[in-house]
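Student: Could you walk me through this model? I'd like to go piece by piece.
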Amino acid sequence: MSMRSVLRDSVPTPVPTPAVTAAGGGSRRPAIGIDVEDLDIYYGDVQAVRGVTLAIPAQSVTAVIGPSGCGKSTFLRSLNRMHEVAPGARVDGTVRVDGRDLYAAGVDPVLVRREIGMVFQRPNPFPTMSIRDNVLAGVRLNGGRLKKDAAEAVVERSLRGANLWDEVKDRLNRPGAGLSGGQQQRLCIARAIAVEPQVLLMDEPCSALDPISTSAIEDLIGQLKSEYTIVIVTHNMQQAARVSDETAFFNLAGVGEPGQLVESGATTKIFSNPDNPSTEAYITGRFG
Amino acid sequence: MSETSTPSPSRDTTDTGPASGRVGDRVFLGISRGAALTILAILAGVAIFLTAEGIPGITASPDEVKSGESFPSFVLPLVFGTLWSATLALVIAVPLAVAVALFVTYYVPRRLGQALGYVIDLLAAVPSVVFGLWGMRVLAGQLVGPYEWLERTLGFLPFFAGPASATGRTILTAAVVLAVMILPIVTAIAREVFRQTPVLLEEAALALGATRWEMIRTVVLPHGRSGMIGGAMLGLGRALGETMAVAMVLSASGVITLDLISSTNPSTIPANIALQFNEASGLTVNALIASGLVLFVITFAVNFAARAVVNRRKEFSGAHA
């Protein structure tokens, strides 16, 4: 598998993305990349994903695309150990963030999830909480009590970061569930970035949203990548082309076989001149 | 009304007209409407019976009834005893039930959880007479020692002022028995409510780095709040109306006291009716029925209060999540 060399080929972003090596570790900012090596993911006896080796560069957007059921979401959830929520789920291989293997013995999945934020397919603000409390939920879980003005600062910074501040600043005490779908999703992004994670995982964040809300989220992703390493699973290839710097294409090895990484590299290359014929077939809409 | 009875030709040609055309719909409508009206009729019948038979008891003069008291001073200790024992039972049972439901739902493997659930449900199948026997013969005796200890160490509190009962058949014992009896229903409802917590919300909390307990606190308990209140109210309803177990366990003497461990305890309305009814005659019967009317009103009030609590923060209830 030669995706590593492909990854380093060309970086099409105007902002040069520093290729932070895993060994560099230590500093909190700038954000750091993820190194996945030979990752197998199982649910009970069923293997869902096989042999993924992929380097996800820091401070960039990596899109994961592929047909339904090819293990994209499973792969994404293995990056913050969320897939373990399902009974019987387990993993072979390594996922290194900042040089540390997330699956090493003694690593607490709870702490992993505090460092690696996640946004889900459907907006899921806590319905029993106000907008303010939603933003602060993760902060409160992580570190206990904040002084009132410190909390206000976190709320404003996170909501501004999620492009939501101007729309909700007058109703921070209203329930988060009263917002529109797109606003709820941005609230969830604000909640995720309030704890200042290093990595932000997004599992089809726009699939339940209308085009205008989708566009707002995509703009936001473009802004967030200067601070975070973003991995986004999407079904929408135009979206992958619009928002991502790198693209990884997953596909099933065959009927009844686990999903695997077919090809990865700079988005411009994957979408214009992919190495693998099945990538080209998927991207041009001939299957999937 | 006039519009539906006016024949409109454009309507007749479409399928979307009223259900009147289809026999099955009409039969179903009739059956369900009949069922609803039957419930109302039964309720009204009970209310009318209680009121009609109870009023002579309320207005009776003290020397016409067995207790030798006016109705208010006859019924007040009973009302107190009823509410007091049921409240104590709730205080004991609800935290236990919620803890059991959380444990069964989130902390044990699914299979074991289901098995535990069945065992708890079995508790509901035990007749109340059996609980009464157990409370009277076993539990009361076991609790004599702890009651004496409570009197010695916490005797400065009005609840444990004592003197501790020598038989252990106190209102606290009755409340413990009641708590065991309402545990299954409260647990079953709490389990059901917790199981319905949206996975999406559980994952939201976990992805923020919540431990299991933090996830429960952030998502599961708030989401299940109204359901837990509903379960507690069902339990309260049963505790308020429970007759046999209380009648068998409690050694009652018609006083109003906060003391939980002494041998002088208030009785409850249903237990008092059960114990007195056989030997009652004349206006005494009416007085007992009137106390039943009071219980009826209390149960109604409790239900309305519960509804008000559940509806108070509807916006935040998660109904639209």
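Student: Which strands of chain A does helix H7 lie across?
Tutor: Helix H7 (residues 181–193) of chain A lies across E6 and strand E7 (199–203), and runs at about 170° to E6(A). Axes here are lines fitted to C-alpha atoms, for helices over the stretch in contact, with angles from 0 to 180 degrees between N-to-C directions. Contact means that the C-beta atoms of two residues, placed from the backbone, lie within 7 Å. Helices (H or I, at least four residues) and strands (E, at least two) are DSSP runs numbered from the N terminus.
Student: Before we go on, what kind of model is this, and how is it numbered?
Tutor: It is a predicted model: local features need pLDDT of at least 70, side-chain atom pairs count only at pLDDT 80 or more, and totals for chains, interfaces and linings use all residues. Residues are numbered from 1 along each chain as its sequence is written, while chains are lettered from A and ligands numbered from 1 in the order in which they are written.
Student: Okay, back to the sheet. What is the strand order in chain A?
Tutor: The order is E5-E4-E1-E2-E10-E9-E3-E8-E7-E6, an open sheet of ten strands with mixed pairing. Strand E5 (100–101) and strand E6 (116–119) of chain A are at the edges with a single partner strand each, so one side of each has no neighbour in the sheet. Two strands pair if DSSP finds at least two bridges between them.
Student: Is the pairing of E3(A) with E8(A) parallel or antiparallel?
Tutor: Parallel, over four bridges, between strand E3 (residues 61–65) and strand E8 (residues 229–233) of chain A. There, A:Val61 has A:Ile230 in E8(A) as its bridge partner.
Student: And what about E4(A) and E1(A), how many bridges?
Tutor: Strand E1 (residues 34–43) and strand E4 (residues 89–97) of chain A pair in the antiparallel sense over eight bridges. A:Asp35 stands opposite A:Arg96 in E4(A), and A:Arg96 has A:Asp101 in E5(A) as a bridge partner. E4(A) and E5(A) are antiparallel too, over two bridges. Their hairpin has two residues between the strands, and A:Asp98 takes a positive phi near 60° there.
Student: Switching to chain B, where is the kink in H4(B)?
Tutor: At B:Ala93, shortly before the proline B:Pro95, and it is about 25°. The bend is the angle between axes fitted to the seven residues ending at a residue and the seven starting there.
Student: What is the end-to-end distance of that helix?
Tutor: Helix H4 (residues 71–107) of chain B has 37 residues and should span 54 Å at 1.5 Å a residue; its end C-alpha atoms are 52 Å apart, which agrees. The expected span is 1.5 Å times one less than the number of residues.
Student: How many residues make the contact between the chains?
Tutor: Chain B gives 20 residues and chain A gives 21 residues. On the chain B side, the largest share, six residues, comes from H8(B).
Student: Which part of chain B has the lowest confidence?
Tutor: Helix H1 (residues 2–5) of chain B, with a mean pLDDT of 42, whereas helix H3 (residues 23–59) of chain B is highest at 92. pLDDT is the predictor's confidence in each residue, from 0 to 100. Where it is low, the predicted coordinates should not be read in detail.
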